[in-house]
Amino acid sequence: MSDSRRGGTEPVGIDELLERARAGFVRVRPQEAVAAAADGALLVDIRYAELRERDGLIPGALVVERNELEWRLDPQGSHRAAEAVSHDLQVVVVCNEGYASSLAVASLRQLGLHRATDLIGGFQAWRAAGLPVEA
């Protein structure tokens, strides 16, 4: 018997999984992310090093590789970042194009970060909107 049958759920494709994840929160556009950051939200860049080196960084964003995200943002975790002070912290997760970040937000919300969201279109949308980028 397959693992999915033992667990009582049928497997889903990535498109459906992404749709389900996004149904749980309101995503933000680049200008909304800027406004959120101005109001104290934490922008978190989860892109891998090669993309950051190639395309640059969002000034002030916390860089946390995707495989460390939950450990670094869990306010109760022993490996948390200094910025991870509360489950009430507003977090805007940024990936390259806005796909991996949605799945990451779903995971953060399971940890109790109920104000976590992501950037529609990711870093590429940020840059296309003419927002600041550091080399």
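This is a predicted model: local features need pLDDT of at least 70, side-chain atom pairs count only at pLDDT 80 or more; totals for chains, interfaces and linings use all residues.
Modeller: Residues are numbered from 1 along each chain as its sequence is written, and side-chain values use heavy atoms, with hydrogens and water left out.

Colleague: Why is Arg27 called buried?

Modeller: Buried means under 20% relative accessible area, exposed means over 50%, and partly exposed is in between, with a 1.4 Å probe and protein chains only. Arg27 has a relative accessible area of 18%, so Arg27 is buried.

Colleague: Where does Arg27 lie?

Modeller: In the loop between helix H2 (14-22) and helix H3 (30-38). Helices (H or I, at least four residues) and strands (E, at least two) are DSSP runs, numbered from the N terminus.

Colleague: What makes the pairing of the Arg27 and Asp118 side chains a polar contact?

Modeller: A polar contact is a pair of N or O atoms within 3.5 Å. Within protein, one must be able to donate a hydrogen and the other to accept it, and residues adjacent in sequence count only if both atoms are side-chain atoms. The Arg27 and Asp118 side chains make theirs at 2.8 Å. The Arg27 side chain makes another polar contact with the side chain of Ser102, at 3.5 Å.

Colleague: Which residues is Arg27 in contact with, leaving aside neighbours within four places in sequence?

Modeller: Contact means heavy atoms within 4.5 Å. For Arg27 the list includes Arg22, Glu32, Gly98, Thr117 and Gly121.

Colleague: How do you know that the charged end of Arg47 sits over the ring of Phe123?

Modeller: The test needs NZ of Lys or CZ of Arg within 6 Å of the ring centre and within 35 degrees of the ring normal. The charged end of Arg47 is 3.9 Å from the centre of the Phe123 ring. It is counted as sitting over that ring.

Colleague: What makes S1 and S3 a pair?

Modeller: Two strands pair if DSSP finds at least two bridges between them. S1 and S3 are joined by 4 bridges and run parallel. Within S3, Val92 is the bridge partner of Leu43, and Val94 stands opposite Asp45.

Colleague: How many bridges join S1 to S2?

Modeller: There are 2, in the parallel sense. Val44 is bridged to Leu62 of S2, and Asp45 to Val63. S3 and S4 pair over 3 bridges, also parallel. Here Val91 stands opposite Ala116.

Colleague: What is the order of the strands in the sheet, and why do S2 and S4 stand at the edges?

Modeller: The order is S2-S1-S3-S4, in an open sheet of 4 strands with parallel pairing. S2 and S4 (116-118) each have a single partner strand, so one side of each is left without a neighbour in the sheet.

Colleague: How do you know that both faces of S3 are covered?

Modeller: Val91 and Val93 lie on one side, Val92 and Val94 on the other, and all are buried. Val93 has a relative accessible area of 0%, so Val93 is buried. S1 has buried residues pointing both ways: Leu42 and Val44 one way, Leu43 and Asp45 the other.

Colleague: What makes a set of residues a nonpolar core?

Modeller: Its members are buried Ala, Val, Leu, Ile, Met, Phe, Trp, Tyr and Cys residues joined through side-chain atoms within 4.5 Å. The largest has 19 residues, and Val44, Ile46, Leu69, Leu73, Val91, Val93 and Leu108 touch the most other members. Strand S1 (42-45), helix H5 (69-73), strand S3 (91-94) and helix H6 (100-110) each supply at least two residues of this core. H6 gives the largest share, 3 residues. Apart from it lies another core, of 13 residues, among them Ala41, Ile58, Val94 and Leu119.

Colleague: Which residues does Leu69 contact, leaving aside neighbours within four places in sequence?

Modeller: Val44, Ile46, Val64, Ala104 and Leu108.

Colleague: Is Pro75 buried or exposed?

Modeller: Pro75 is buried, because its relative accessible area is 13%. Pro75 is found in the loop between H5 and S3. Its contacts beyond four places in sequence include Arg80, His87 and Leu113.
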